[in-house]
Amino acid sequence: MADDRRTHRSHVSYIDKSRGYYGAQGYPQAYQWAYHHAVPFAALEKPLAECRIGLITTSFFERKVDKGAVAGSGTKEPYAALCDDALGGLYNKDLFWDKDNTHTDDLDTYLPINRLREFAAQGRIGSLADRFYGVPTDYSHRRTSRRDAPQILEFARQDELDAVVLVPL
Amino acid sequence: MSLVARHLEEAGLPTVVVGSARDIVEECGVSRFVFTDFPLGNPAGKPGDVEMQTTIMGMALDLLERAWQPRTTTQTPFVWDAESNDDWRRHFMKVDDSNRTALAAAGDQRRAAQADAKADGAGRG
């Protein structure tokens, strides 16, 4: 990529864009995005080659989507499902992503089950857990923090995960 | 999603977020973040590009192993368009004279649909 000079940062600011976008749709209150100064940090407790890795997505199975629901309306619940059952792809049409410029027909672009299984086969990780986990993209921080996150932690403990890869669409 | 990562970290479980919305993830604040500067939809690599997907997941695993402090972000080397065409950045969620009226109408429509759903008892929260 050629060097360049720019008056604005290159990375898209979705916080800035969404403020203008929803403002133009007549929503006067800008969304309050989560901000934290302090960030928790946990280190791996064993070599990666011995770790069971879990995978978390914001995508859902089609049958679990309430067709009348607006994304973020709180009608989805966190879930755990077998990776094998997701190999045919998940339902993403109700999520917010750049549908004009790309597609989600390739599962491993947003839920890299096959790639992580390859790393397991090579011995880079111990294993990919049999189950993956889904979490709704919720408007409410409270629902995410108090309902969804503890449920995901419980799934992680049930499956004795050592580390987690989260891939928001 | 970043709030979930924080919750897991607080409970002692190491995490890495693989994503394309850099500002949202970094404002929330996570321990480890692999950023790919792509349109939203393919944070783990381009469709059909197994080599790229493998590289991105490899970087996520590297970060799990090697990051020693929170807010460690690494950016993958990939660009969405080989010709450096950045139109996707401008196009996504754009607001200008070409769509201002349509956006206002879409907002009205959405609010009306939500009000109907609520009246029917289908809404929640």
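This is a predicted model: local features need pLDDT of at least 70, side-chain atom pairs count only at pLDDT 80 or more; totals for chains, interfaces and linings use all residues.
Local features need pLDDT of at least 70 and side-chain atom pairs count only at pLDDT 80 or more, while totals for chains, interfaces and linings use all residues. Residues are numbered from 1 along each chain as its sequence is written, chains are lettered from A in the order in which they are written, and side-chain values use heavy atoms, with hydrogens and water left out.

**View 1. The interface as a whole.** Here 80 residues of chain A touch 79 of chain B, counting heavy atoms within 4.5 Å as contact. The two chains bury about 6,900 Å² between them, 64% of it from carbon and sulfur atoms; that's accessible area (1.4 Å probe) lost on being put together, summed over both. A:Tyr14, A:Phe41 and A:Leu166 supply 11% of what chain A buries against chain B, more than any other three residues.

**View 2. A salt bridge from A:Arg6.** A:Arg6 pairs up with B:Asp86, their closest N and O atoms sitting 3.4 Å apart.

**View 3. Strand meets strand.** β5(A) runs parallel to β1 of chain B (residues 15-19), and three bridges join them. Look for A:Leu166, whose bridge partner in β1(B) is B:Val17. Strands are DSSP runs (E, at least two residues), numbered from the N terminus, and two of them pair if DSSP finds at least two bridges between them.

Technical notes
A salt bridge is a side-chain nitrogen of Lys or Arg within 4 Å of a carboxyl oxygen of Asp or Glu. Helices (H or I, at least four residues) and strands (E, at least two) are DSSP runs, numbered from the N terminus.
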